[in-house]
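Me: I am new to this structure. Could you take me through it in short turns?

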Amino acid sequence: MKTKHIIGIGFLFALMLTGGKAFAQIQTFEWQSVQRQYLVRIPVQYEGDIPVLYFLHGLGDNITRLDNEFHFQQIANQLGWAIVVPQALNEGYGTMWNAALTYSTTDDSGFLMALLDALAESNPFNLDSVFFTGFSMGGFMTHRMAIEHGDRIAGCAPVSGLITSPMANQTPVAPVRMLHIHGTADPVVGYDGGSQYFGYQLGLSVDNILNYWKNANDCTGEPQIDTLPDLHNDGLRFVRYTYDCGTDLQHLKVIGGTHTWYQGESQYDVSYVEEIVKFFKGNGSITSLTDQPSLKGLRVYPNPTTGLFSVEMGESASVEVIDLQGRMVFRQFLNQGANTIDLGPLPEGMYFLKTGNGDVVKILKTN
């Protein structure tokens, strides 16, 4: 039986005082005689043992800035997951993880797993549901964690990070569910493994990274290729490659994508955090990780829906509903105020409601 847990009154009071945003309380953990810093965000309310998501920052970044940008407490609350945000050491090039890119002797790989074990002693973590993601240098380190600790990690999603040559010579300890995200126009960590910024080869090309994980995850045949709907004028095209494997392997290829973490449904066709969590959950269906904004008075509810839902418009406009293949499945002019749309005959899945004003809302249809 699952038990519902609620965090203490003092923390709830602090949340109310800050408008629902938790203070960035940096904690320390001693590892190999060094005090290492980290943040951990526990959901305000959860049931049973909770999954754990590690988020690894990029070169020169810090956990306070990252927490302020991503609002990890909000994500933890909405997912019901713990978010662990560790800090890398300053290795002379700025804060950076030892992903075997330099001659660092820091055992970050051991530190990250030791921190997990220490936190699990005082928190109800589900150690069978531990996930890693990271950007840039954090993506490099995410690959290293998958290679060295895939027997303890349920899934990894490196973004704009590569497998370094020393790590490519290692055999993964176990297959691990892998989603690699990378932009084709990334000048810092190139799709081909090079770098216009640093001027030398940083690691394997994305094609070779996929071959590495295809071998590790026992993949066969050609991937299924899906081009995601192009709903925004963002200059990008998002293409998902899904491989037939014993253990899941996907690649989100961002055509035209640079060294950027793309986030925000009102700006881009894809929001990286949502894509990553959908992959980790394994069912491809989650509700939005951010509060649904009121776009020019636009409200859509209930969402998810079994078919029939209401659309409140701040002003009259035409609307379209588009499926994941980019096909328009519904079009109608809606008046200001409340309107009703019925997607009942359509199969379950993700749809996009797009207004003539350019607003886009994801609609999850369930049976």
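This is a predicted model: local features need pLDDT of at least 70, side-chain atom pairs count only at pLDDT 80 or more; totals for chains, interfaces and linings use all residues.

Me: What share of the residues is buried?
Reply: Buried means under 20% relative accessible area, exposed means over 50%, and partly exposed is in between (1.4 Å probe, protein chains only). The protein has 367 residues, and the buried share is 53%.

Me: What share of the accessible surface belongs to carbon and sulfur atoms?
Reply: Accessible areas come from the Shrake-Rupley method with a 1.4 Å probe; for residues, only the protein chains shown count as cover. The surface comes to about 16400 Å². The part belonging to carbon and sulfur atoms is 48%.

Me: Which cysteines form a disulfide?
Reply: A disulfide here is a pair of cysteine sulfur atoms within 2.5 Å. A search of the whole structure finds one. Its sulfur atoms are 1.9 Å apart, and they belong to cysteine 219 and cysteine 245.

Me: Where in the chain do the two cysteines of this pair lie?
Reply: The pair links distant parts of the chain, 26 residues apart. Both cysteine 219 and cysteine 245 are buried. Cysteine 219 is in strand S10 (residues 219-227), and cysteine 245 is in strand S11 (residues 237-245).

Me: Why is the disulfide of cysteine 219 and cysteine 245 given a handedness, and which one?
Reply: The torsion about the S-S bond of cysteine 219 and cysteine 245 decides this. That torsion is about 100°, so the disulfide is right-handed.

Me: Which residues of H7 are buried, and where on the helix do they fall?
Reply: Val206, Ile209, Leu210, Tyr212, Trp213 and Ala216 are buried in H7. Seen down the axis of H7, they fall within an arc of 155° (taken from the directions from the helix axis to the C-beta atoms). They therefore line one face of the helix.

Me: What covers the buried residues of H7?
Reply: Contact means heavy atoms within 4.5 Å. The cover of the buried residues of H7 includes strands S9, S10, S11 and S12 (249-255). It also includes helix H5 (137-149) and helix H6 (165-168).

Me: Where is phenylalanine 198, and is it buried or partly exposed?
Reply: Phenylalanine 198 is found in the loop between strand S9 (177-183) and helix H7 (206-216). Its relative accessibility is 36%, so phenylalanine 198 counts as partly exposed.

Me: Which residues does isoleucine 276 touch?
Reply: Isoleucine 276 lies in helix H8 (residues 272-281). Isoleucine 276 is buried, with a relative accessible area of 2%. Not counting residues up to four places away in sequence, isoleucine 276 touches Thr133, Ala157, Val159, Leu179, Ile181 and Trp261.

Me: How many salt bridges does a search of the whole structure find?
Reply: A salt bridge is a side-chain nitrogen of Lys or Arg within 4 Å of a carboxyl oxygen of Asp or Glu. Searching the whole structure gives 12.

Me: Which helix holds both glutamate 148 and arginine 144?
Reply: The side chains of glutamate 148 and arginine 144 meet in a salt bridge (3.1 Å, N to O). Glutamate 148 counts as buried at 18% relative accessibility, and arginine 144 counts as buried at 15%. The two are four residues apart, about one turn of the helix, in H5.

Me: Where do arginine 240 and glutamate 275 lie?
Reply: Their side chains meet in a salt bridge (2.4 Å, N to O). The pair links distant parts of the chain, 35 residues apart: arginine 240 in strand S11 and glutamate 275 in helix H8.

Me: Is arginine 331 buried or exposed?
Reply: Arginine 331 forms a salt bridge with glutamate 320, the closest N and O atoms being 3.7 Å apart. Glutamate 320 counts as partly exposed at 22% relative accessibility. At 57% relative accessibility, arginine 331 counts as exposed.

Definitions and conventions:
Residues are numbered from 1 along each chain as its sequence is written. Side-chain values use heavy atoms; hydrogens and water are left out.
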